[in-house]
Amino acid sequence: MTSPDSLDPSDWQDFRTQGHRMLDDMLDYLEHIRERPVWQPIPQDVRDKFNQGLPQEPGDLAAAHESFMRDVLPFAIGNAHPGFMGWVHGGGTPVGMLAEMLAAGLNANLGGRDQMPVEVERQVVQWVRELFGFPESASGLFVTGTSMANLIGVLVARTATLGTGVRLAGLAASDKRLIAYTSAGAHGCIAQAMDLSGLGIDALRVIPVNDQYQMNIAALEQAIAADRCAGFSPFFIAGTAGTVDVGAIDNLTALADIAQKEGLWFHVDGAYGALGMLAPDIAPRLEGIGRANSIALDFHKWGQVPYDAGFILVRDGKLHYDTFASPAAYLRRETRGMAAGSPWPCDFGPDLSRGFRALKTWFTIKIYGAKKLGQIISNTCTLAQYMKQRIEATPELELLAPVSLNIVCFRYRSEDADRVNAKIVVALQESGIAAPSTTTIHEHLAIRAAIVNHRTNSGDIDALINATIAFGNAHAKSIQD
Ligand SMILES: Cc1ncc(COP(=O)(O)O)c(C=O)c1O
C-alpha cells in the first residue's frame, strides 16, 4: 500500500499503463524518425507555454506526457535524425534509451560506496584501458563531456608538474609560469580548461596548423624552446584526435616524442576521434594515442551512447587520485559494509554526486559489441568520402578543407559566398530536410557536415547536397530576377 505522503503513484496499475504508453511513444519516435523533419522552428505560442509560474498543485502525468509529445519532442534539435549533421552530435540508440530508464529507476549515486553500479563503471574503465593499451594502474572516470575531461587532464598535469602542494598553496605560491600548447584547430574548451584551472588562457600557446590542419610540429618545438628561453615552464601538450572544424588528427606520435623529450604531459582531446580505435581502418591513423598521459573522449558522439557520457582516462591513476581525493568525515571509508570499495569515483574528479552514465555505455557496448560500433564509425567516414565526391562532381559546389574523417566543409560557389552560404544553411535547417552547421575556414564561411549518426546513409547525403544546390540556385536566380 503506497503511503499517501510519498511521491509514488496511488494507483500503480494506472501508472504502469501510462508508463507503457510513454515507452511506446518513444519507441515509435525512434522507429519512424525518418518521417519527421530533422528540425523545425519553434512557434512562439509553444515557447510561451514554458514561461509560467511555479506549479503549486499536483498535475496529471498523462497531460504532462501529452505536453511533452506536442510541445517538446517535435522541437528538439533533432540529432537522433539521420539528416542531422550539425556540430558533432551522436544519434543515441533505443538500447541506450532503455538503459537510461533502468538507471533512472535505480537512482544510483555513483560518487562511491560499495555497490554494483560502481563495478559497472569500473568494467567500462577496464574496457577503455584495454582499447588504448593503458596499464591496469590507469584510472578512468565518466564525466559530463570532453570539456570537463580536458579540464581534469589539465589539473592532473598541473599536479604532476607542481606536486600536490599546489592544491593547498594554489598557483600563486609557485614561481613557475606553466605553459601549455595546442593547435589552432583545437576545441575552445582547451582554452577554457586553462582559464578554469587558474593557469590562464594567456599561458596557452596556440600553434599554427599545416595544410592538413594538424599541429605544425616545427612550430611547436620552436614555441617550447622560446618559452624555455623566456624562463617559463612548458608542462602540457594537448593534441587533438579529430578536430572540431575539419576532423584532422594531429601527428600523435610526433607529439608523444616531443612530450617525452621535453618532459611534458601529453594529453589527447579525442572527444569524438579517440573511439576511432574501434575501427580497424581508422585506428592506425591514431597511432601514438596509446602513449598519452591522459585521453579525453565522449561516448555520446561516435559511441552513440545517449547524452551525456564523457570520459577521462589517466595513465597514472595515483596522480589522478592525488589531484582530487579529499578526506571528509562524512565520506569515511571502511573495509566492509556500504562504505567499503575505496577508492571511489568521487576521488578522481570534482563531482561527488554522479549519475549512472556507465550503465547506458555498458549496455551499448554489450549489445552492439565493439566491432559493430567500429563499423558504424568507419561507415560515417565512408559517407564523408561519398559526400566529398559528390561535391567535387558538382560545379556549383566547392570543397573547403580536406576530408580526413567524418567532417565535410564545403560551400555553394557565389561572389557573395559568406552571405549566400549562411542563408543556405538556415534554409536547409528550416526545410527540415537536412541539418548541417557552419564554421569558418580561412576566414570564409563553410557549410559543415559532421556525419556522426549511425542512422545516416548515402540517401541522406544526397538529400543534403541536392537541397544545397537547389537553395543556392534559387538564391542566385532571385538575385538575377
Ligand atoms: C575536439 C572536441 N573537443 C571537445 C569537445 C567538447 O566536448 P563536449 O561537448 O562533450 O564537452 C568537442 C565537441 O564537439 C570536440 O569536437
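The side of domain 1 that touches domain 2 has twelve nonpolar, seven polar and five charged residues, with Ala, Val, Leu, Ile, Met, Phe, Trp, Tyr, Cys and Pro taken as nonpolar, Asp, Glu, Lys and Arg as charged, and the others, Gly among them, as polar. This is a predicted model, where local features need pLDDT of at least 70 and side-chain atom pairs count only at pLDDT 80 or more, while totals for chains, interfaces and linings use all residues. Residues are numbered from 1 along each chain as its sequence is written, and side-chain values use heavy atoms, leaving out hydrogens and water.

Contact (heavy atoms within 4.5 Å) joins 24 residues of domain 1 to 25 residues of domain 2. About 1,800 Å² is buried between them, with carbon and sulfur atoms giving 61%; buried area is the accessible area (1.4 Å probe) that two parts lose on being put together, summed over both.

## Where the domains lie

Now for the bounds, which come from an automatic or database domain assignment: domain 1 covers 109-355 and domain 2 covers 366-480. Their C-alpha centres lie 31 Å apart.

## Residues around the cavity

Which residues line the largest cavity? They are Tyr29, Ile33, Arg36, Pro37, Val38, Gln40, Leu73, Pro74, Ala76, Gly78 and His81. By class, this lining has seven nonpolar, three polar and one charged residues. Lining residues have an atom within 4 Å of a cavity point, on a 1 Å grid over the protein atoms alone where a 1.4 Å probe fits but cannot get out.

How values were computed
1 Å grid on protein atoms, 1.4 Å probe; cavity = no way out; pocket = protein on both sides within 12 Å on 5 of 7 lines; lining within 4 Å.
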